[in-house]
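Subject: A structure for you to explore

Hi there,

Here is the structure I promised to pass on. Have a look around it first, and then read my notes below.

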Amino acid sequence: MIKLRSFPSDRQLDKMDCGPACLKMIAKYYGKFYSLQYLRDKCGATKEGVSFLDISNAAEEIGLRSLSIKCSIDDLLFRIPLPALVHWNKSHFVVIHKVRASKRKKKNESSSVASKQINNADGSIYVSDPAKGHIKYGAKDFSDKWIKSGSDMGKLMALEPQADFYQRQGDEKLERRKTFENFIGYFTPYRKSFINLFIVMLLVTILQGLLPFISKAVIDVGIQTHDIDFINIVLIANVAIIVSVLLSNLVRDWILLHVTSRVNIALISDYLIKLMRLPITFFENKMTGDILQRAQDHERIRSFVMNNSLNMVFSALTFIVFGVIMFIYNPVIFYIFLAGSIIYVAWVLAFLNVRKKLDWEYFDLVSKNQSYWVETIASIQDIKINNYEKQKRWKWEDIQARLYKVNLRVLGITNTQNLGAQFIDSLKNLFITFYCAKAVISGEITFGVMISTQFIIGMLNAPVVQFIQFIISFQFAKISFLRLNEIHQLDDEHENVGSNNIDLPENKSLIINNVMFQYSPNSKMVLQGVRLVIPEGKVTAIVGDSGSGKSTFLKLLLRLYKPSYGEIMIGSMNINNISLRQWRDKCGAVMQDGKIFNDTILNNIVLDDEKIDYGKLKKALETANIAQEIEMLPLGYQTMMGEQGRGLSGGQKQRVLIARALYKNPDYLFFDEATNSLDTINEQKIVAALDDVFRDKTVIVVAHRLSTIRKADQIIVMQDGRVIEIGNHNSLMERQGHYNRLVQSQMDLTSTVLVEADKNNQN
């Protein structure tokens with residue numbers, strides 16, 4: 001069996017990735033490598049995370065045998081095979097990879113009587129935490145986080161390879177990783193700029209390399225010989241060099257600004273393009289803060305390549321040039337500087353691993369903070385209505401307190417690191433100064449060489465500091481690169497489906513053949529064995545209780561989701577053979593959670609149509625019964641809407657969405673509770689106007705108000721993800737089934753409301 005000597009440490013890239021990340025570490029420990037996204041898919045990770053059952057199912061799919069048990073801390077220290085996965089602190093998964101009992105505890109364990117008196121504080125437990133890395137806990141501290149209060153046992157899952165573990169097919173997506181070379185590709189179009197930049201940097205270094213020789217000449221020649229003319233000439237040369245360096249630096253900064261701006265736009269643009277290609281399930285399963293944080297990850301990588309990497313090249317040139325000059329002046333001084341610099345670098349790098357752990361923790365908290373702000377701003381109305389301001393503020397303060405603690409730890413490490421580094425640097429400079437002073441007295445070097453040496457030391461110190469910054473920046477960029485790489489491993493929404501426009505069959509009826517759907521591999525089926533035909537050119541209504549799967553079924557037809565089993569056909573053709581763009585061009589949809597964009601009313605209706613068809617626009621507006629209200633506004637159709645349609649009532653938003661769908665003049669129309677925000681009068685007007693629009697179109701309507709779908713050619717009744725009745729209004733009423741009960745319940749409710757209204761009027 002192949003095992004790594006040291007247990008691996010892999011990081012979770014998002015808040016809810018701890019379970020898949022732990023499974024990845026265990027698989028890697030046994031010699032198999034899987035991407036985090038592959039294991040996330042196997043676990044069926046959602047915004048709520050994963051359960052022990054999800055991880056167990058995923059583990060067995062990749063060939064790891066799982067055993068979930070309850071045990072005490074003593075069982076863990078002496079009897080449980082490792083590695084094992086535990087649920088940590090009620091909200092997090094970690095891997096236990098090693099335990100060590102104290103000698104006293106081992107001695108007590110040998111006696112059956114004494115074993116009953118074992119103190120749980122004895123022993124150490126070694127954890128690989130996907131959020132913090134390798135951590136060692138005392139048994140008591142571990143027990144407090146693992147075992148619930150009032151119990152002496154906690155849950156864990158032991159995992160070990162099955163017989164065919166190494167024969168199982170690995171993760172093919174590992175071949176699709178976006179390598180660092182892909183990022184370097186963003187910079188290759190600017191090769192000439194980089195060549196010019198290198199020439200400028202080399203010129204600056206050579207010019208600066210002349211300065212110590214000039215200083216030496218002024219002291220050893222000009223001052224010693226009292227030659228004022230020579231000093232003036234050297235002064236002019238010195239000024240010329242300084243001006244040349246200044247101009248060269250201006251050119252360098254201009255080139256960097258030019259390249260940096262373009263690369264930055266390209267990086268963020270490609271990230272947005274990739275996001276737009278991802279399926280809707282990605283956004284449903286991700287925290288908003290995680291998505292926003294990755295945009296800042298691009299900035300870290302760009303900064304590393306454009307600033308730290310280029311400065312490191314410049315610093316390397318500077319170090320080589322001035323190192324050679326120093327060696328020529330005096331090898332002993334050079335060796336003292338080199339030894340001191342090595343100790344200085346070693347001291348700073350000793351803190352790198354701790355900084356890495358804190359950076360991961362900081363990333364997680366910043367992501368939570370961003371998600372909090374997005375959620376708070378989006379739900380401010382509900383916060384105010386329910387007097388939830390104080391409690392919401394407390395939650396924000398809790399995040400800030402945790403951020404403060406992390407920043408405090410970073411500050412403490414930084415202060416310790418800087419104080420030690422300054423001490424080492426001061427000692428190094430002190431030794432060099434004393435050696436130079438003694439060398440001048442003994443006649444080994446001139447006073448001019450000593451002064452020049454101080455200048456050279458200053459020039460050599462800068463590359464050493466830059467090297468430290470380069471290492472730290474590289475670590476940050478590596479973390480950001482891992483997070484971005486995870487996005488680029490995901491399948492595009494268009495992947496593995498038709499990509500070209502093709503001719504549709506003559507029969508354009510939608511045939512649903514034994515379609516089943518579940519949101520994650522281990523969740524219950526939302527749709528179960530749906531079989532039906534949605535006839536071309538007819539109106540099909542879907543009704544049922546809340547949670548019966550109506551909206552999910554509509555999203556499957558729009559191809560926002562993919563069926564877990566079964567297939568959807570257009571006539572004799574599988575719908576997946578048609579490109580998504582072609583299919584959605586033929587579809588108009590009004591969803592119950594449809595969004596109004598922060599744009600003009602006109603652009604919200606026509607979207608990206610460059611040549612507006614005002615005939616279609618007029619008809620769509622009249623059908624949606626919204627034209628008159630828009631034209632009464634001071635700016636009419638050019639009125640700007642705020643975010644989420646701020647400035648429009650709920651009914652007006654819904655009618656704008658209806659107009660948007662109708663303007664496309666699509667072959668297929670999908671309405672998901674499209675009139676639920678409308679008053680009765682507007683609803684009746686729109687329903688009457690839609691009768692004309694619906695002619696020769698395939699229409700699917702999901703509605704709770706059964707009065708709006710009486711005229712439908714076909715009514716589908718759903719319950720618990722199944723189709724239980726199909727027919728028109730009259731035939732379903734005669735059947736006295738579930739549809740009849742739905743109609744009767746709504747009629748009874750309407751009657752009750754009318755009676756109550758009459759009583760109130762009489763009073």
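Let me start with the chain as a whole. Among its contacts with a separation of 6 or more, 75% join residues 24 or more positions apart; a contact means heavy atoms within 4.5 Å. Please keep in mind that this is a predicted model, in which local features need pLDDT of at least 70 and side-chain atom pairs count only at pLDDT 80 or more, while totals for chains, interfaces and linings use all residues. Residues are numbered from 1 along each chain as its sequence is written, and side-chain values use heavy atoms, with hydrogens and water left out.

The chain has 25 helices and 16 strands. These are DSSP runs numbered from the N terminus (helices: H or I, at least four residues; strands: E, at least two). Of the 763 residues, 47% count as buried. Buried means under 20% relative accessible area, exposed means over 50%, and partly exposed is in between (1.4 Å probe, protein chains only). The accessible surface comes to about 39500 Å², and 56% of that belongs to carbon and sulfur atoms. Those areas come from the Shrake-Rupley method with a 1.4 Å probe; for residues, only the protein chains shown count as cover.

Now to the inside. A nonpolar core is a set of buried Ala, Val, Leu, Ile, Met, Phe, Trp, Tyr and Cys residues joined through side-chain atoms within 4.5 Å. The largest one has 59 residues, and Phe-282, Met-326, Tyr-344 and Ile-456 touch the most other members. Two or more residues come from each of α8 (191-225), α9 (228-277), α11 (288-329), α12 (331-349), α15 (389-441) and α16 (447-488). Which element gives the most to this core? That is α16, with 15 residues.

α15 has 53 residues and reaches 75 Å from its first C-alpha to its last, close to the 78 Å expected at 1.5 Å a residue. That expected span is 1.5 Å times one less than the number of residues. Just after α15, Gly-443 takes a positive phi of about 85°.

Last, the charged pairs. The structure holds 13 salt bridges, each a side-chain nitrogen of Lys or Arg within 4 Å of a carboxyl oxygen of Asp or Glu. Arg-40 and Asp-17 form one of them (2.5 Å, N to O). Arg-40 lies in helix α2 (residues 36-43) and Asp-17 in the segment before α1, so this pair ties together parts 23 residues apart in sequence. Both Arg-40 and Asp-17 are buried. Asp-10, Lys-24 and Lys-28 are linked in a network of salt bridges.

Enjoy exploring!
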